[in-house]
Amino acid sequence: MAKVKTHVNRRSFLKLSAAGSTGLLIQFSWFSSLAKENPNLEAAYELNGFIQIHTDGIVTIASPNPEIGQNVKTSMPMIVAEELDVNWENVRVVQAPLNTAIFTRQLAGGSRSISQSWDALRMAGATARHMLVKAAAKGWNVPIAEIEVSKGIISHKITGNSTGFGKMAEAASKLEIPEEIDVKNIKDFKIIRHSKYNVDGPDIVTGKAVFGLDVYSENMVFASILHPPAFGMKLKSYDASEALAMKGINDVFTIQTYPEDFVRGPFDTSAFPELIVITGDSTWRIMKAKKKINVEWIPIESHTIKVKGFRNPKAKEQTIPSGMEETSSQYISMIKKSKEKAKEVRKDGDPEKAFSEAVKVIERTYTAPYLAHSPLEPLNFYANVTDDKAELIGPIQTPEYMEKSVAKRLGMTLEQIDIQMTRIGGGFGRKLYGHYLVEAALISQKIKKPVKLIYTREDDMTFGAYRPIYHAYYRAGLDADNNLIAFHVKAGGIPESPLYANRFPAGTVDNYIAEEWAIESNITTAAFRAPRSNFMGAVEQAFLDEVAELAGKDPIEFRLELFEKAIKNPVGDKNDYDPKRYAGVLKLIRDKAKWGTSKQGLSRGVAAYFCHDSYVANVVDLRMENDKPVIEKVYCATDCGIVVNPIAASNMVEGGSVDGIGHALYSMLTINKGRPEQNNFHDYHLIRNNDAPWDVETYFVDSDVHPTGLGEPPFAPAIGALTNALYKATSKRYYHQPFMIDIEEKYLRNNENV
Amino acid sequence: MPLYEIHVNGETKQVDVDSDTPVLWVLRDNLRLLGTKYGCGIAHCGACTIHLDGDAVRSCAYPISAVGNKKVTTIEGLSKDGNHPVQKAWLEHDVPQCGYCQAGQIMTASSLLAQNSTPSDEEIRRAMNGNICRCATYTRINRAIRTASKDM
Amino acid sequence: MFNKTLSLKSFKSTAIVLSMVAFMIVLMAFKVQHNTTSDYLDLSEIKKKDSVASIAAFEKVYSVLMHPRCMNCHPDGDVPLQGDESRIHNMLPQRGPDGKGILTMKCANCHGAVGVPGDATPPGNPHWHLPPADMKMIFQGRSARELALQLVNPEMNGHKSMEELRLHAEDTLVKSGWNMGGDRELPPLSYQEFTKAWYEWIDTGAYAPSK
């Protein structure tokens with residue numbers, strides 16, 4: 001048994017106990033202990049949870065983090081329930097609200113909900129169990145050590161005493177919270193590692209689950225926004241007389257979401273800080289009337305804004321350049337910039353010397369476009385702001401960050417802000433950036449009524465905060481024996497570089513150089529499922545496939561040789577991956593996909609990638625039909641440590657693989673004179689059922705390592721395997737996403753020599 | 001302003017809305033039947049799928065004035081206790097991730113199976129091609145439809 | 001040389017039209033017996049044959065029929081086209097035996113009797129459909145000559161007589177090509193200009209251009 005320090009926040013505990021009258025309420029704040037043990041821990045991943053035991057034995061477990069489809073609302077309570085030893089059938093799960101006085105650090109992002117709360121959730125369950133046992137021991141006057149707990153029943157064999165959790169709840173609630181607690185041996189898990197159905201499943205399939213857009217209240221006003229049609233533009237003036245004359249329209253006015261001198265938090269990204277707002281009595285009427293507002297937009301001047309970093313809380317000035325950008329000129333700028341001197345991030349050995357001595361050298365260039373996250377539930381929020389309170393309900397991945405921003409913007413204290421989390425209808429990173437929450441609050445504050453702010457799909461898609469547009473140049477050198485002796489990666493993008501300098505194959509090549517560059521832009525970008533990895537993982541794996549081919553080696557054997565070197569004799573000490581686990585998923589996929597055999601008419605490709613502390617390898621089997629791939633099978637092998645909830649973990653890997661494949665094949669957002677050229681699903685292509693892989697088979701490495709990320713790691717390697725399978729099927733290498741659009745012809749061919 | 005009678009889930013309701021109001025917003029804003037979702041407003045994502053006399057109609061692009069006497073069924077009215085074979089299969093396969101599109105997926109799937117209780121894999125893929133799942137749960141959706149098909 | 005070729009081709013097209021007319025006379029004679037209120041084409045009208053005027057009128061007609069607003073529902077394949085660039089219709093609805101789609105992908109599931117206003121909302125029409133599977137009436141990829149010949153051939157035009165073909169210009173689905181809403185590009189002629197050209201083409205002999 002391992003001991004976990006509890007560090008319970010006593011003040012918060014008392015507060016909650018006073019609020020709840022029916023049983024034992026336990027409040028945990030473990031961030032201080034986690035932070036002490038892991039000085040590099042991201043401040044953003046701190047979280048809290050609580051248990052409520054009802055007198056009838058029903059246990060309510062509050063799930064602290066926003067549920068965005070990653071299954072935390074089931075898997076987090078499973079971890080608590082495991083240590084509590086409650087019967088899972090008696091568990092009820094509720095979504096915890098955001099309350100910084102009680103809870104802290106609730107966030108959905110970085111695939112870290114489970115990994116960062118693992119110890120804490122276990123502690124939550126174990127502490128409560130201990131207190132229940134202690135209460136029973138006291139009541140029955142027997143030693144604690146003789147008491148057993150199973151499925152919510154506390155029993156003492158010798159005396160024959162036995163009772164349910166509910167009967168001991170009151171006594172337990174009066175006990176001191178232990179400062180240190182034993183947690184279970186991993187081998188004894190009865191709930192963790194056993195599939196549990198999504199706790200919201202029955203509500204979802206009957207339409208009862210509440211998403212942000214489903215929040216309605218009496219006397220609520222409907223609101224929508226108008227933002228500039230192009231990046232690099234702002235509002236000059238408007239005439240709303242026609243709209244105001246329409247039935248059901250209340251008002252048209254402007255709001256400043258983020259005034260120019262406002263110090264923005266890390267998730268206050270918005271290209272359009274001033275907006276026109278229209279309010280009315282129904283969604284449809286405001287949607288109709290907003291089209292009748294005549295607006296004059298003018299170009300912005302180059303200016304700076306103050307932004308606090310995610311890792312560095314000190315505000316920095318960020319330049320917003322003027323001008324209206326174009327996709328075509330962005331490709332030209334990237335090509336140019338990639339040929340200029342860049343920032344060296346890592347260098348091992350003497351790469352240039354090694355390249356000059358190499359017998360074979362291969363160099364390749366890859367690009368990927370802007371992507372609009374397009375969560376199926378568009379941005380929206382409910383706000384009811386009165387003089388002394390702001391009630392804010394809706395879909396948000398960063399409630400605590402937005403609480404700070406909105407409090408500052410409204411001129412209120414944190415205690416006056418009450419953010420409640422609904423289920424989130426998809427985010428993929430977009431709902432980390434909560435400008436829409438602030439906007440809803442400002443509208444409600446202004447009109448002094450509850451308001452529901454709704455973005456139309458067109459608003460959502462053209463508002464910005466896209467996956468950046470990326471470019472990567474790779475070069476590899478082989479010696480006479482086909483050993484990889486030199487490796488060069490130079491990656492950049494608009495407005496950020498996607499480079500991870502210490503990722504594979506860093507550490508496996510004696511002569512290695514990684515460089516990066518970036519180009520400023522006024523087009524806002526955002527974290528997108530597996531940020532940066534979503535590009536680098538895909539293209540690195542495509543490049544390595546070509547290198548393996550050049551070396552005359554099987555692509556899996558080629559990678560395993562490199563991992564062998566990284567295991568025995570790694571180059572450098574900053575490599576961020578574990579080569580044994582990396583090789584492990586490749587070996588597992590080799591076995592499960594029966595690599596080396598082939599199926600009639602199908603071409604296969606393989607790839608593996610590490611991000612968010614997890615490892616995923618894929619094999620894709622496809623054939624071409626009418627110039628489009630028919631993907632018959634995707635095999636995935638994942639090492640994410642302990643698999644908390646297998647049925648949900650498998651769902652995440654299946655979806656993540658298909659999501660990656662879909663974006664790499666079809667999705668692209670382009671810009672013309674600053675305007676996004678796509679605004680809805682008729683011209684922005686997301687993968688659909690008929691184009692999706694017919695089947696995805698998932699396998700997990702059996703591991704006792706504490707759980708690591710799962711939401712993001714499956715995305716990139718699926719693209720890598722797809723790219724490599726496409727080559728086998730067509731004899732053509734694919735370098736530019738999305739593969740079903742001829743980027744080379746449209747944007748690159750005439751610009752190669754710029 | 002016109003007054004419309006609409007037959008929803010076995011009940012007749014009166015609503016006072018503009019004639020071009022999409023059925024989606026009548027269901028949501030007027031009748032508070034919130035299981036039917038808004039995703040695109042142009043009939044391209046399927047999140048708003050309802051049954052109109054059994055057909056899988058996109059309510060976001062279907063004006064109230066075009067409904068007439070047709071019977072509307074929403075996800076809330078698909079079955080009494082969530083026990084439609086498609087709903088049961090959805091739970092058995094633990095299909096949903098974020099869950100936002102699933103009511104629409106279920107409405108399309110149930111309309112498919114009502115018309116063809118033994119669709120081929122290809123027929124399933126084509127029939128479900130109007131419903132986007134942004135979490136990409138397509139493989140599970142199709143498995144669940146195959147399971148439900150045995151139960152129809 | 002050029003003239004010679006041209007005259008040879010127009011001879012060919014004249015011959016075809018003549019045989020068509022002969023065929024239709026038989027057809028109409030049959031129909032007239034059962035239809036006393038017939039307003040079938042006055043034969044004297046057809047006799048005002050004018051191949052130059054007819055072909056000139058058809059060029060105008062062709063520019064409309066090949067426009068996305070018309071051609072998108074007359075695809076060379078079983079999936080309709082969509083948008084000003086005539087891309088394959090999103091979500092791949094299929095024609096089905098009666099042209100009205102199949103299962104969960106019936107045209108009317110998205111194209112209601114009336115549409116909802118919006119730039120990219122599905123246009124409405126009470127009878128939205130494609131030509132049926134046994135007579136696909138493909139426009140996509142057809143030359144002017146091919147299309148003209150196809151239009152007058154009852155075996156390829158939905159068993160329409162010349163008069164029925166003439167009246168088809170007043171079909172609500174044809175009209176909806178000018179009334180789809182949003183920012184969709186309109187056909188190159190107005191509806192009035194189109195019907196004028198259409199009637200003129202038929203009334204002057206429904207000649208097919210040489211190419």
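This is a predicted model: local features need pLDDT of at least 70, side-chain atom pairs count only at pLDDT 80 or more; totals for chains, interfaces and linings use all residues.
The contact between chain C and chain A, for its part, takes four residues from chain C and four residues from chain A; on the side of chain C that touches chain A, three residues are nonpolar, one is polar and none is charged.

Within chain A, helix α11 covers residues 399-410, and its 12 residues should span 16 Å at 1.5 Å a residue, which agrees with the 16 Å that separates its end C-alpha atoms. The buried residues of α11(A) are Pro399(A), Glu400(A), Tyr401(A), Met402(A), Glu403(A), Ser405(A), Val406(A) and Arg409(A). The elements of chain A that cover these buried residues include the strands β21 (390-394) and β22 (417-421) together with the helix α12 (435-447). Just after α11(A), Gly411(A) takes a positive phi of about 75°.

Lys291(A) is found in the loop that lies between α8 (283-290) and β15 (294-299) of chain A. Because 13 other C-beta atoms lie within 10 Å, Lys291(A) is partly exposed, a class that falls between exposed, at 12 or fewer such atoms, and buried, at 20 or more. Lys291(A) and Lys408(A) are 117 residues apart along the chain, and their C-alpha atoms are separated by 32 Å.

A pair of packed helices can be described by the angle between their axes and the distance between those axes. For helix α15 (residues 555-568) and helix α16 (residues 579-592) of chain A, the angle is about 155° and the axes are 9 Å apart. Angles over 145 degrees count as roughly antiparallel, and α15(A) is therefore roughly antiparallel to α16(A). The crossing of α15(A) and α16(A) is left-handed. From α15(A), the residues Ile556(A), Arg559(A), Leu560(A), Phe563(A), Ala566(A) and Ile567(A) meet Pro579(A), Lys580(A), Tyr582(A), Ala583(A), Leu586(A) and Arg590(A) of α16(A). The residues of this contact divide into nine nonpolar, no polar and three charged.

Definitions and conventions: Residues are numbered from 1 along each chain as its sequence is written. Chains are lettered from A and ligands numbered from 1 in the order in which they are written. Two residues are in contact if their C-beta atoms, placed from the backbone, lie within 7 Å. Ala, Val, Leu, Ile, Met, Phe, Trp, Tyr, Cys and Pro count as nonpolar, Asp, Glu, Lys and Arg as charged, and the others, Gly among them, as polar. Helices (H or I, at least four residues) and strands (E, at least two) are DSSP runs, numbered from the N terminus. The expected span of a helix is 1.5 Å times one less than its number of residues. Axes are lines fitted to C-alpha atoms, for helices over the stretch in contact, and angles run from 0 to 180 degrees between N-to-C directions. Angles under 35 degrees count as roughly parallel, over 145 as roughly antiparallel, 65 to 115 as roughly perpendicular and the rest as oblique. A crossing is left-handed if the near helix is turned anticlockwise from the far one by less than a right angle, and right-handed if clockwise.
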